[in-house]
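Dear colleague,

Here is the structure I said I would pass on. My notes follow below it.

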Amino acid sequence: MENWYKEAVVYQIYPKSFCDTNGDGIGDIPGIISKLDYLKELGINTIWLSPCYVSPGDDNGYDIADYRTIDPVYGTMEDFKFMLSEMNKRGIKLLMDLVVNHTSDEHEWFCESRKSKDNPYRDYYIWRDPVDGHEPNDWKSNFSGSAWEYDETTEQYYLHLFSKKQPDLNWENPKVRQEIVDMMKYWLDMGVSGFRCDVINLISKDIENNVSGDGPRLHEYIHLLNREALSPYDAMTVGEVWGLSPEESLMLTHPDREELSMVFQFEHMGVGRTGGRFYLGEFEPDKYVEVLAKWQKGLNGIGWNALCVENHDQSRCLNRIGNTDKYRYESATMIATLVYMMQGTPYIFQGQELGLINPVFHSLDECRDIEALNAYPELLKEFDEKEIMRRFSGDSRDCGRAPIPWDASEKGGFSEGEPWLKLHDRHREINAENDLKAEKSVYNYYKEIIKLHRENKTFLYGDFELISNKDAVSVYKRYDKENSYRVVCNFCADKRELDFVIPADSVILSNYPFDKEISELNPYQALIIKD
């Protein structure tokens, strides 16, 4: 089906934390297979699988040492192929994670590249001479410190925009581009349906002119991938891009340009921040909705939105923008209603459909994320350890990566061994088994939202109009020639008066019971009404 991605509902699996079947404390592919019926019942039709390739694990799999082999910690290639066949039986497509801005420093290409300046693989990476005995420029790594690492063997620096164990590939080299195309076709031939493209806007750089991303050849490179690898397979792509405007994103997703199917935008996730990671300020619900609406209007009718609330790089949304206590169910379902009734492809991060919350970290030895571990010494200059742990508990990447609790047992049914990362602290209360049995089940509400999204053409393709957005209450309309619906959300823990009355018989979905007309919204109430 042409543009099948527009009718996809994607569930992101972070394999290390999903389900462990062999007791080593690390999730695995057999664990994913064991939960496919759970996902089918939820209603999703596509899975995005975070990296499961061979990796030293410096950045939890985003440092790839072999693009064509499954890491033994997750299983075998036979396990992977069996998983793919089991997904196919259930009508579920698979997106792999395409991490091609960088590799691991243990990848064969880099091991060769660093041997000598005349090695055939030397130009697979970005090497520069020292400048006045120092780094070639002042670029900083996203994981703290310089983006340049000195290599004594050849007395040059190599570029790494992330960990020093993640050297950046040199996309100026046509051999690199061909290697990537061939690798993509390898997975597509196996039956994979597309890719989530990690930090894809960084692949084009212009070092001499101080351009570290969104470089002059970005569109050329992505169009090449589309022409050579994606289009022949009708493959779906979603690009991870940071800091782009709707206008710039439209260039990447405009169908006539033949580049990406859609991109993630993260502008709404920055609402209320006072700085970068670990600097959260007061959340502003009206601003959050305003940003989402801007992207709805900016891409409407031409490009396509990826609707995202959480992922493996974010903390749990209930800690940040919802309520983790009295109104956990209500705020979880309200956020789902607000975001997933907009135009675009929904992306649900594992555990989000259960209303999971962040773990609380008490000491550094409970943390695993390289970004947090590297930031700790710098943060100590400004805060004491207790305050840093509070910040890590609210904003580190470990928050969303905590293992999924499937039941109320000691290890949450995630593993019989010691989990690689601690579970969230209330897992005996908040887990899949309890939620599926609960009268107010986040999972069951997600089933309703997904069903409505997939089966209603107005919610799939209709236009969007923000009607009102103030005092933490937003009302927007989805409409086409046949139908018109309004989505009404209260984004706070207080009741809110409406300036209109909602007849009971017009409500098609609500996260509160009702039996009469509605003129006042309960805390975190969400309603979908037929006009």
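How far apart should the ends of helix α8 (residues 285-299) be at 1.5 Å a residue? The 15 residues of α8 should span 21 Å, and the end C-alpha atoms lie 22 Å apart, which agrees. The expected span is 1.5 Å times one less than the number of residues; helices (H or I, at least four residues) and strands (E, at least two) are DSSP runs numbered from the N terminus.

This is a predicted model, with local features needing pLDDT of at least 70 and side-chain atom pairs 80 or more, while totals for chains, interfaces and linings use all residues. Residues are numbered from 1 along each chain as its sequence is written, and side-chain values use heavy atoms, without hydrogens and water.

Just after α8, G301 has a positive phi of about 85 degrees.

On the pockets: a pocket is an open set of points on a 1 Å grid over the protein atoms alone, where a 1.4 Å probe fits, with protein on both sides within 12 Å along at least five of seven lines; lining residues have an atom within 4 Å of a point. The largest pocket is lined by 31 residues, with N142, F162, W242, R277 and E371 nearest its centre. The second largest pocket has 17 lining residues, and N3, Y5, N226, S231 and S261 are the closest to its centre.

Regards
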